[in-house]
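I opened my notebook to look at aromatic rings today. Come and have a look along with me.

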Amino acid sequence: MLGSGKTTFIQQLAENITGKTVVLVNDFGKAGIDGEIFSAKGIESIELPSGCVCCTLKFDLISSIEKIRETFAPEHLLIEPSGIASPSGVLEALETLKINPVTVVGITDATEFLELNHEDAFGRFFEDQITNSDVVLVNKTDLVEKEIVERTVSAIEQMNPNAIVFSTVNCIISGTLPGVSKAGRTITSHASPVHFDTCSLTLDDNLDHEWLSDFFQDMSMGTYGDIVRAKALVNTLQGPYQFDLSFTNIKSIPFEKAVNSSRLVIIGKDIRKDAIMKIFPSSLTFL
């Protein structure tokens, strides 16, 4: 799900596996961010932004994979779908290409899973993600009580008794990722993707870090609509920074090098576009 730790996990995985590796990134907004994050770590990546690979971009996903195979011939292809993608749609595309073996890793946010799993908008969507996973990471366990972690693990094991489940902090697992792959797997589809509004902004490079931090805090409190996820790479007056908002969790960390283009992606419902346009000296694309 959005903000669960997919990018962190892929960074660690790509840095620790041997052989030619390429990451195919599907950011939901037009202003792709994860590709630059991977590049800063020296990880080869291809971006497929603005849409969802499990539905509207399924044919683009197929053609992108074919080009990657022809151009790079990687030993490992890591696909990072948008956090609101249904794995069943991605698996169907891989089946069309006769790609195997395939291992599906699901990552859940222990701070949000139990609450969101009971909501009509997310319950069947989570079921699609969990039941199609071979490995599930219950992440951010350091941010909740042990009892919440245990209930989350139990709920996931009930949804998919065959999955290997890890409780993690920063998506770190002991040892290597289990080499699980299912030949001739049964793809289970439970729901269409969750629909959110998205807006992408190109930002100036003269914004103050504290001002941006306050803006992210305001987003988390509902000032600009029901924001579930926001990501930004910005050359602030205090240097380059990466900003993240996942539901109510906010963080900002220094970025490794100057950002190619300062930008922000916001995902949510009933986003207050007019209010955002008033405070940013920026170019705004609203989807």
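Predicted model: local features only at pLDDT ≥ 70, side-chain atom pairs only at ≥ 80, totals over all residues.

**Entry: ring pairs.** I found eight aromatic pairs in the structure. I looked at Trp211 and Phe280 to begin with: their ring centres are 5.5 Å apart and their planes stand at 85°, so I noted the pair as edge-to-face. Trp211 sits in helix α8 (residues 209-220), while Phe280 is in the loop between α9 (273-279) and β12 (283-286), so this pair links distant parts of the chain, 69 residues apart.

**Entry: a second partner.** I then checked Phe215 against Phe280 and got centres 4.8 Å apart with planes at 85°, so this pair is edge-to-face too. Phe215 lies in helix α8, so its pairing with the loop residue Phe280 ties together parts 65 residues apart in sequence.

**Entry: buried or exposed?** Phe215 has 2% and counts as buried. Phe280, at 5%, also counts as buried. Trp211 has 35%, so I put it down as partly exposed.

**Entry: the cluster.** I followed the ring pairs onward, and they link Trp211, Phe215, Phe216, Tyr224, Tyr241, Phe243 and Phe280 into a cluster.

**Entry: the chain as a whole.** I counted nine helices and 12 strands. Of the 287 residues, 52% are buried. Among contacts between residues at least 6 apart in sequence, 77% join residues at least 24 apart.

Terms used
Residues numbered from 1 in each chain as written. Heavy atoms only, no water. Helix = DSSP H or I, 4+ residues; strand = E, 2+ residues; numbered from the N terminus. Buried < 20%, exposed > 50% of the residue type's maximum accessible area, 1.4 Å probe, protein only. Contact = heavy atoms within 4.5 Å. Phe/Tyr/Trp six-rings, centres within 6.5 Å; stacked < 30°, edge-to-face > 60°.
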